[in-house]
Amino acid sequence: MPNNTVEIEDLVFSRGRRMVLDHVSLNIPQGSVVAIMGPSGVGKTTVLHLMSGHLMPDSGGVRLFGQDVTRLSHGAMYELRREVGVLLQNGALFTDLTVFENVATPLREHTQLPEALIRRQVMIKLSSVGLGGTEELMPSELSGGMARRVALARAVVLDPKLMLYDEPMTGLDPIAVSTVRRLIRETNDTLDMTSIIVTHNVSQMLQLVDFCYILVNGKIAGAGRPDQLLESDDPGVRQFMNGTVEGPIPFQYTGPENWSLAN
Amino acid sequence: MNQPSSLLVALTSPVTNAGRCGLFFVRMMRGIRPGGRLLINTLQQGYLVGARSLVIIMICGFFVGMVLALQSINALESFGAEDQTSLLVGKSLFRELGPVLTALLFAGRAGTAVAAEIGLMRATGQIDAMELMAIDPVQRIALPRFLAGLIAMPLLTGMFNALAIMGTVIFAIGVIGLDPGIFWGKLQSGVTFSEDFMQGVWKSVVFGLLVSLVAVFYGYNAKPTGAGVGTATTNTIVVSSVLILIFDFIMTSFFI
């Protein structure tokens, strides 16, 4: 039986009257790179926020490293989060700090390292995302793609055991996409981490991940290796993987109530 | 059916907000960990909220002093008592106008800036990012700004008073031609340190606490939208101003 870093069991989460996640269960084995994919607005980012304890489910369990995050105290949650790196969708760099200080913040807050070591560690991480020499720039001086790479450097600076990536490739040019893809894989394998990537981009994930979950209409519609999912018989999975218009996944937003132009 | 509940919410929301604000204050104070990091962050914020408010405080103080001199001389002249100008200006300035006007200016200049900055951090996900990095945003963002405001207010009040006295001196002695010896003598003998000066100091400390707490509270709890940041900024200046005047009356009634 594999040692799972994340175990989600029968998870239910609603926003108002809309059920976002409907009895979702999934396991993420230790050391793997796993993608949670699905169309926009399906609740992929919500899954990440539930994993990090930032949101609480209506029911069900979320276990990280064997600990149920829904039952942890505030202090215990913060202790657990030190083992987890998160790359948010918009990067969320601290706008009043330089690039260097942004990446150094987790080190300053959670370690007692001397300044020289902090500088060295920050420079290594910035170089690894191809942004050596940007340390004195402010976030407002960076392009969107550069800001995301700085956020990535900040997320991995403490070498966490689990990395949660929310759309890590969005807004990056093709060269940066390849670099980040390689970086995620190498970091994961070298440091024996576990990586979970939330994305809607199928093509970028096929060459990177070990396993995929496809989330459609609040449920897990498919799970397997990328090559297995491409051959899936499930109409929802096939529609999403192939990007076709016809299929069970609606393009129109379906709210909790029936809506039409007439009303 | 919605009207009574809306009315109830409108009536109870000040009490609810006061309670939430109190809990926020307790949360800030409970997590306080004195150390170099907090000191550095507080000093940085002290520069932003204190030093950067200095110019507006000094300009306003100077002109308030000149206006006070003008009004006082105009009123006292009819009794032939213009020699008492410095006494009237000194007492009204140190006891009331100094701390109250400084606090109102501080709320407009620094309080709104703090609320908007923290609100924008909320809107751009920076506070969420901090929480996900296991960094308590209340300790890292709100507390240094609160402490900086608390420390800056009495210092700014002192600067306001000094510039106001300077404005009074320039107008009363330089323009009107009051005798400098009588001016300074009346000020020195009539304005006491223990009552007049310290009354202003205590008021400025309380006002500093109120304005800073209101600013960090509304900023931290701003809705993560542009409108939410705007509302937080507006609430900061409105609530701060009202609280300053209410607490001014309460404190004055205790002091007298």
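**Reading the domains, core and chains of a predicted model**

Author: In chain A, the centres of domain 1 and domain 2, taken over C-alpha atoms, are separated by 26 Å. This is a predicted model, in which local features need pLDDT of at least 70 and side-chain atom pairs count only at pLDDT 80 or more, while totals for chains, interfaces and linings use all residues. Residues are numbered from 1 along each chain as its sequence is written, and chains are lettered from A and ligands numbered from 1 in the order in which they are written.

Reader: Which residues belong to domain 1 and domain 2 of chain A?

Author: Domain bounds come from an automatic or database domain assignment, and for chain A this gives domain 1 (1-83 + 161-254) and domain 2 (93-159). Twelve residues from domain 1 and 13 residues from domain 2 take part in the contact, where two residues are in contact if their C-beta atoms, placed from the backbone, lie within 7 Å. Helix α6 (residues 174-190) of chain A supplies the largest share of the domain 1 side, five residues, helices being DSSP runs of H or I with at least four residues, and strands runs of E with at least two, numbered from the N terminus.

Reader: Is Phe13(A) buried or exposed, and why?

Author: A residue is buried if 20 or more other C-beta atoms lie within 10 Å of its own, exposed if 12 or fewer, and partly exposed in between, with C-beta atoms placed from the backbone. Phe13(A) counts as buried because it has 22 C-beta neighbours inside 10 Å. Phe13(A) is found in strand β1 (residues 4-15) of chain A, and, leaving aside neighbours within four places in sequence, its contacts include Val20(A), Leu50(A) and Pro57(A).

Reader: Which residues of the largest nonpolar core touch the most other members?

Author: A nonpolar core is a set of buried Ala, Val, Leu, Ile, Met, Phe, Trp, Tyr and Cys residues joined through C-beta atoms within 7 Å. The largest one here has 134 residues, and among those touching the most other members are Val150(A), Ile196(A) and Val216(B). Helix α4 (residues 85-123) of chain B gives the most to this core, with 17 residues. Both domain 1 and domain 2 of chain A also give residues to this core, so it lies between them.

Reader: How many helices and strands does chain B have?

Author: Chain B has nine helices and zero strands, and its C-alpha atoms fill a box of roughly 65 × 55 × 30 Å along the principal axes. Of the 256 residues in chain B, 43% are buried.
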